[in-house]
Amino acid sequence: MANTDTNPSQSTGMTQPTDFVIDLPAIRQRARENLSHGAVTANYQADRQAMLRLLNDALATELVCYLRYKRHQFMSANLGGIHGFAITAEFAQHAAQEQAHADWLSERIVQLGGEPDYDPAQLTAHSHAEYVAGHTLEEMVEADLVAERIAIDTYSAAARFIGDKDVTTRRLLEKILQEEEEHASDMSDFLQRLRVNVSK
Ligand SMILES: [Fe+2]
Ligand SMILES: [Fe+2]
């Protein structure tokens, strides 16, 4: 049977259509409709409500992580020890970055016509990561490493789930994911140093 699945440009020397072709009059017409939807156009490929739930769960996760790092920042300052000062500074930096992640997610939620949920009563129910108080430096760093690893897995899964349906949201989650991987790496380094120190 003849293979009909050939590339015309290779088999016949004809050029493939390479121009970016769009129905501009239709796009212009649609852009003028439903102006109250803001950034969400008729071509939006994702399930908007599902995307808002996903983003609000991520927001809850970031807020819980922010709160946990803030406790660790202030509690570690009193624990001192050979790594105390450096760990306190790291906790403070991570807290600030988790807060920034929360802001980015809220901004996207509003762009999609939703409402960011800051209700404290809802946070732990929706957060992927847990709030672990921690009483020693090692307990704190271990709790943060676990939370970062949970965030890495959930952001990776969310990015794969979204695919090309909402590129902006996927890229936002990937940007956050990159910082969570840096956080996990930082916490892993500190945990190893603390354990080496304890075993001496
Ligand atoms: Fe984060
Ligand atoms: Fe993080």
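The legends below describe close-up views of a predicted model. Local features need pLDDT of at least 70, side-chain atom pairs count only at pLDDT 80 or more, and totals for chains, interfaces and linings use all residues. Residues are numbered from 1 along each chain as its sequence is written, while chains are lettered from A and ligands numbered from 1 in the order in which they are written.

**View 1. The protein chain has seven helices and zero strands.** Along the sequence the pattern reads α-α-α-α-α-α-α. Helices (H or I, at least four residues) and strands (E, at least two) are DSSP runs, numbered from the N terminus. Of the 200 residues, 28% count as buried. A residue is buried if 20 or more other C-beta atoms, placed from the backbone, lie within 10 Å of its own.

**View 2. Helix α3 (residues 48–79) packs with helix α4 (residues 84–111).** Their axes come within 8 Å and cross at roughly 160°. Axes are lines fitted to C-alpha atoms over the stretch in contact, and angles run from 0 to 180 degrees between N-to-C directions. The two helices are therefore roughly antiparallel to each other (an angle over 145 degrees). α3 passes α4 in a left-handed crossing (the near helix is turned anticlockwise from the far one by less than a right angle). The contact residues divide into 17 nonpolar, ten polar and four charged. Ala, Val, Leu, Ile, Met, Phe, Trp, Tyr, Cys and Pro count as nonpolar, Asp, Glu, Lys and Arg as charged, and the others, Gly among them, as polar.

**View 3. α3 also packs with α6.** The angle is about 165°, and the axes lie 11 Å apart. α3 and α6 are therefore roughly antiparallel to each other. Their crossing is left-handed.

**View 4. Helix α6 covers residues 137–162.** At 1.5 Å a residue, its 26 residues should span 38 Å (1.5 Å times one less than the number of residues). The end C-alpha atoms are 37 Å apart, which agrees. Buried residues of α6 include Leu-137, Asp-144, Glu-148, Tyr-155 and Ile-162. Just after α6, Gly-163 takes a positive phi of about 55°.

**View 5. The largest nonpolar core has 35 residues.** Such a core is a set of buried Ala, Val, Leu, Ile, Met, Phe, Trp, Tyr and Cys residues joined through C-beta atoms within 7 Å. Met-51, Leu-55, Leu-59, Leu-105 and Val-141 have the most contacts inside this core. The elements giving two or more residues are α3, α4, α6 and α7 (167–199). α3 gives the most, with eleven residues.

Technical notes
Parallel < 35°, antiparallel > 145°, perpendicular 65-115°, else oblique. Buried ≥ 20, exposed ≤ 12 C-beta atoms within 10 Å, placed from the backbone.
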